[in-house]
Amino acid sequence: MLLSNSVNFADIQAAQQRLLGIAHQTAVITSDTVNELTQSQIFFKCENFQRTGAFKFRGAYNALVQLSLEQKIKGVITYSSGNHAQAIALAGKLLNVPTVVVMPDNAPIVKQTATRGYGAEVILYSPDTTNRERLTKSLAVERELTLIPPYDHPHIIAGQGTTALELIQEVGQLDYLLVCCGGGGLISGCAVTTKALLPNCKIIGVEPELADDATRSFYTKTLQTVHNPHTIADGVRTPSLGKITFPLVLQYVDDMVTVSDAAIIRTMFFIWERLKIVVEPTGVIAATALLEGVVKAPGARIGVIISGGNVDLLQVSQLKQLDHLLHY
């Protein structure tokens, strides 16, 4: 199947139709407490309520449903630390497509278990000694599987863009949209959508300080990389933006900022306690920039993507201890 590397708003609208009745139209929630703290009107798009607990299902299903019959019969392979892994596994189960997922051996157990639970074959590797892309491409050739990467794929990007499309359809005008950034699939799709519907809305990408390759890439206009970043936000431990996502980020995103791991943990517990929703560290990266004052826009209407909620509850006490150590 020939793919165009360009992603436009029509692609995202088409993806929304494919996902209708399959993906959840996730809730948008507000908080008087957050509005008072920020002196802005904040709209949280809660993709932690999406199928598999993250926005990734949108892109995964949109990619798999468009495969040829032969590709569906032979199956697909991907690499992921967890959320894309689960999304591909569930999309494969729904579409009767065999799935193989290459996962780091330090991926949260909750994500490994869920991926297997959806029916995928999981192949673990050591991120310290193995290049996941090379391993996956080798297995794809050996087994005649179609490779569906976690972010640098036009159908993945179009699917992720439906997140912002739903948000804007529900709340209307926004002055800012804050989106977490790893490999750039979510922010690319959301930025294409937002600029098509709300040209004056400012798109701000947010990364952990320990995985700031996209921010450096944005400011230098040259693709930067990072090797196995040790951020608490496992969902954005990507080496770089992709060949498709990097140009889209440069074209549509207005700014990139970073936040510390300490701030991410602080924000995660704040959202658990005050908004009463379960979110993972990666899921609150965009919210962290707002709640920690990295982004300030008094009086503005601001959309914030909560990207996922697949936190390993067995690690909560460790996160609490880390939070204490980082603060004292």
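**From an exposed loop to the inside**

Modeller: Asn96 counts as exposed, because its relative accessibility is 69% and the cut-off for exposed is over 50%. Keep in mind that this is a predicted model. Where is Asn96 found? It is in the loop between helix 5 (83-95) and strand 4 (99-104). Its backbone deserves a look too. The phi of Asn96 is near 60°, which is a positive value in a residue other than glycine.

Lys276 lies in the loop between helix 12 (261-275) and helix 13 (285-291). Is Lys276 buried or exposed? At 65% relative accessibility, it counts as exposed. Gly172 also has a positive phi, of about 80°. This glycine comes just after helix 8.

That brings us to helix 8 itself. Helix 8 covers residues 154-171, which makes 18 residues. From its first C-alpha to its last it reaches 26 Å, close to the 26 Å expected at 1.5 Å a residue. How many residues of helix 8 are buried? The count is 16 of the 18, so the helix is largely enclosed by the rest of the structure.

Thr163 is found in helix 8. Its relative accessible area is 0%, so it is buried; the cut-off for buried is under 20%. What surrounds Thr163? Setting aside its neighbours within four places in sequence, it is in contact with Lys45, Glu47, Phe55, Arg58, Leu186, Cys190 and Ile305.

Two of those contacts point to the next stop. Lys45 touches Thr163, and strand 2 spans residues 41-46. Ile305 touches Thr163 as well, and strand 10 spans residues 301-306. Strand 2 and strand 10 pair in the parallel sense over six bridges. Which residue of strand 10 is the bridge partner of Cys46? It is Ile306. Strand 2 has another partner, strand 1 (residues 28-29), and here the pairing is antiparallel, over two bridges. Ile29 stands opposite Phe44 in strand 2. Five of the six residues of strand 2 are buried, so this strand is largely enclosed by the rest of the structure.

Strand 7 pairs with strand 8 (residues 202-208) in the parallel sense over five bridges. Tyr176 stands opposite Lys202 in strand 8.

Ile244 lies in the loop between helix 10 (213-220) and helix 11 (245-252). Beyond its neighbours within four places in sequence, Ile244 is in contact with Asn5, Asp152, His153, Pro154 and Ile157. Look along the chain and Tyr151 is 93 residues from Ile244, yet their C-alpha atoms are separated by 8.9 Å.

Now the rings. The structure holds three aromatic pairs. One of them joins Phe57 and Tyr61, with centres 5.8 Å apart and 40° between the planes, which makes it tilted. Phe57 and Tyr61 both lie in helix 3 (residues 56-64), four residues apart, about one turn of the helix. In an α-helix there are 3.6 residues a turn, so residues three or four places apart point the same way. Phe57 has 0% relative accessibility, so it counts as buried. Tyr61 is buried too, with a relative accessible area of 8%. Phe218 and Tyr219 form an edge-to-face pair, because their ring centres are 5.2 Å apart and their planes are at 90°. Phe218 counts as buried, at 6% relative accessibility. Lys221 lies over the face of Phe218, at 4.5 Å from the ring centre.

UniProt, in an unreviewed entry, places the feature "domain: Tryptophan synthase beta chain-like PALP" at residues 24-308. In this model, that span is 44% helix and 17% strand, and its end C-alpha atoms lie 13 Å apart.

Key
Residues are numbered from 1 along each chain as its sequence is written. This is a predicted model: local features need pLDDT of at least 70, side-chain atom pairs count only at pLDDT 80 or more; totals for chains, interfaces and linings use all residues. Side-chain values use heavy atoms; hydrogens and water are left out. Buried means under 20% relative accessible area, exposed over 50%, partly exposed in between (1.4 Å probe, protein chains only). Two strands pair if DSSP finds at least two bridges between them. The expected span of a helix is 1.5 Å times one less than its number of residues. UniProt positions are given in the numbering used here, feature names are shortened, and annotations may be inferred rather than shown by experiment. Contact means heavy atoms within 4.5 Å. Rings of Phe, Tyr and Trp (its six-membered ring) pair if their centres lie within 6.5 Å; planes under 30 degrees apart count as stacked, over 60 as edge-to-face and the rest as tilted. A charge sits over a ring if NZ of Lys or CZ of Arg is within 6 Å of the ring centre and within 35 degrees of the ring normal.
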